[in-house]
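Welcome, and thanks for taking a look.

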Amino acid sequence: MDCIYKNSNALIEDRVKDLLSRMTLQEKIGQMTQIERSVATPSALKDLSIGSILSAGGSGPFEEALSSDWADMVDKFQQSALESRLGIPLIYGIDAVHGNNSVYGATIFPHNVSLGATRFAGTTTSATPKGLPFCSWEGVSTVMASYSSWNGHKLHADQFLLTEILKDKLGFKGFVISDWEALDQLCEPQGSNYRYCISTAVNAGIDMVMVPHRYKQFMEDLTFLVESGKVQMSRIDDAVERILRVKFVSGLFEYPFSDRSLLDIVGCKLHRELAQEAVRKSLVLLKNGKNPENPFLPLDRCAKRILVAGTHADNLGYQCGGWTGTWHGGSGKITIGTTILDAIRESVGDETEVIYDQYPSPNTLAGQNFSFAIVVVGEPPYAENLGDNEELVIPFNGSDIISSVADRIPTLAILISGRPLVLEPSVLEKVDALVAAWLPGSEGQGITDVIFGDFEFEGRLPMTWFRSVEQLPMNAGHYSYDPLFPLGFGLTCNKEKPLE
């Protein structure tokens, strides 16, 4: 009997049907299973026909692993999968929200710009859905993943299920995958009735299940549910058909291994320029001048002396936010990139003196005749529930830093955050200009491109900026809607052409 599924010239639907007809129940359930990299043994991949592997946040070959190290690891896993009875290749997933953030030296894009899926060295990757396109409670840390570019009527979330990516790019429906141990949450206490959780999810239409660690239990229980009739074989076949179809259409059967010719472009100049452009377009100008007739921006790059201050001015890790290198991110030079301070120094004239003081003293502020100051403050990196916050004040005494500087020097404040934070009226009144830069990522030049006037501000608020946390949740159109800045707000340096 000819192996139609191995014939690249055969119709995809014929290949899917042929391969499905050859599969045992265990192999079908294996294809429905996604496991974490740390438990992906060669025997599990070969003997159980596991369909997908996930690298959770920070789970990689080793610390500061380069693209070649990732390719070596993924190819090793793929080889084990191809040694299974039917040789079905893996889909490899990376837990990410803004670029190949687990690959050392890769560009980190802003969280709030819709850039679609990534391709890592020839292996399909996608972000797991941690946020929602619309979020009504900014204190929940997952809101950082739902920031987006406003185009006047629609919000584009920066994370996509693989199903949506493939539907948009390839013109067909993909498959639905659950989140990390999400099935466990279908009962109380979580996971206490695991078979109920599995049957409920699979019967509801989940095709692939992310069971990072106890995949053997999942496979055994789903097998029992099928054999006992609680999950119909037709539902299993439907799920596996969707998964196989994605693998055939994406070319995994013909090209299962990493394309080594692509490794050197990770973090290349072209990628960094694209990330820099994304930063420029995501910035939102909230204030420009204490007097609307006298705008403060753009700044003079040839000013005599500039003060740069704040906790986030020279911290690449803070600039990138969570999901960078590790699950929750980190502080300092955690990857390759340009801090905002670096970008300022590169952008000003040769005669301009840039003085950096993270926490400037009164003597510093009073004695050096600064032309203006740039104060960069914001949130520490976070991801998911550990970033939940009911107060939403600017951390690290950020408001105090802004106030102390703005009391003495004309000041541009730049806020680095994954969500709107409380802007005290006194602080907002003192500053001459205010920019919401969100989590810009690795390319700080995108900020200086705009504040020094090489490019215009284009960004608009993708969600309402509240006056106080007591107003939350806050939704545009509600009868009590009284925002500090409304949904869609954003200024330009040209006062005659504000964004609407």
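Let's begin with a charge and a ring: the charged end of Arg214 sits over the ring of Tyr194, 3.9 Å from its centre. Arg280 does likewise with Phe455, its charged end lying 3.8 Å from the centre of that ring. Please keep in mind that this is a predicted model.

**Aromatic pairs**

Two of them are set out below.

| Pair | Distance of centres | Angle of planes | Arrangement |
|---|---|---|---|
| Tyr5 and Phe253 | 6.4 Å | 80° | edge-to-face |
| Phe77 and Tyr92 | 6.2 Å | 15° | stacked |

Together with Phe248, Tyr5 and Phe253 form one aromatic cluster.

The pair of Phe77 and Tyr92 ties helix α4 to strand β3, parts that are 15 residues apart in sequence. Phe77 is buried, with 12% relative accessible area, and Tyr92 is buried with 2%.

**The nonpolar cores**

Which residues have the most contacts inside the largest nonpolar core? They are Leu19, Phe218 and Leu222, in a core of 59 residues. Several elements supply at least two residues each, among them α1, α4, β3 and α7. The largest share, seven residues, comes from α8. Leaving aside residues up to four places away in sequence, Leu222 touches Ile29, Met32, Ile198, Val202, Val231 and Ile236. Apart from this core lies another, of 37 residues, including Ala309, Ile394, Ile409 and Ala413. In soluble globular proteins, nonpolar side chains tend to be buried together.

**The six-stranded sheet**

Six strands make an open sheet with mixed pairing, in the order β7-β12-β11-β10-β8-β9. At its edges are β7 (284-288) and β9 (353-356), each pairing on one side only. From one strand to the next, the twist averages 20°. Four bridges join β7 to β12 (residues 433-438) in the antiparallel sense, and Val284 has Ala436 of β12 as its bridge partner. Helix α11 (residues 340-347) packs on the sheet, where it touches β8, β9, β10 and β11. The direction of α11 makes about 165° with that of β9.

Key
Residues numbered from 1 in each chain as written. Predicted model: local features only at pLDDT ≥ 70, side-chain atom pairs only at ≥ 80, totals over all residues. Heavy atoms only, no water. Core = buried A, V, L, I, M, F, W, Y, C linked by side-chain atoms within 4.5 Å. Buried < 20%, exposed > 50% of the residue type's maximum accessible area, 1.4 Å probe, protein only. Contact = heavy atoms within 4.5 Å. Pairing = 2+ DSSP bridges. Axes fitted to C-alpha atoms, helices over the stretch in contact; angles between N-to-C directions. Phe/Tyr/Trp six-rings, centres within 6.5 Å; stacked < 30°, edge-to-face > 60°. Lys NZ or Arg CZ within 6 Å of the ring centre and 35° of its normal.
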